[in-house]
Amino acid sequence: RRQLLLGCAFWVAFAGVGSAFYWLVGRLLVPNQIAIVDELGLADDAGVAVFGVYFCLVNPLAEEVFWRGFLPHALGRAETTLWGIAAMYASYHLVVLATLELEPVLVLTCGVLLVVVG
């Protein structure tokens, strides 16, 4: 029971920090955020709901299953293999970040952080 409460508390804390970071990045670092969201057809209430459910539930679960489940199982769990998977994970996200037209230094910094922390 204590672990469940701690898990919920951590989830709330990380969701709050993640939401604040998303807002900060979206408002300060991605000048065309509204245009991107509108172009994807996600500017109305239904689009926001679909976007939220996908990026809060579906995408994280799919990423965890693929990057931390399938690949280590398929490629092995040696330390060098895990570092390679971390580098692939970061590279994939660098491509995503690059499409947002962010500053190159910020994109590379995020990539390094993803390899080391992610």
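A contact here means heavy atoms within 4.5 Å. Among contacts in this chain between residues at least 6 apart in sequence, 39% join residues at least 24 apart. Welcome to a predicted model, in which local features need pLDDT of at least 70, side-chain atom pairs count only at pLDDT 80 or more, and totals for chains, interfaces and linings use all residues. Residues are numbered from 1 along each chain as its sequence is written, and side-chain values use heavy atoms, with hydrogens and water left out.

**The chain overall**
- There are 5 helices and 0 strands, taken as DSSP runs numbered from the N terminus (helices H or I, at least four residues; strands E, at least two).
- Buried residues (under 20% relative accessible area, 1.4 Å probe, protein chains only; exposed is over 50%, partly exposed in between) make up 17% of the 118 residues.

**Helix α3**
- The 31 residues of α3 should span 45 Å at 1.5 Å a residue, and the end C-alpha atoms are 42 Å apart, which agrees; the expected span is 1.5 Å times one less than the number of residues.
- At Tyr-54, α3 bends by about 40°, the angle between axes fitted to the seven residues ending there and the seven starting there.
- Gly-47, Asn-59, Glu-63, Trp-67, Leu-71 and Pro-72 are the buried residues of α3, and their cover includes α4 (79–98).
- After α3 comes Gly-76, with a positive phi near 110°.

**Leu-57**
- Leu-57 sits in α3 (residues 45–75) and is exposed, with a relative accessible area of 51%.
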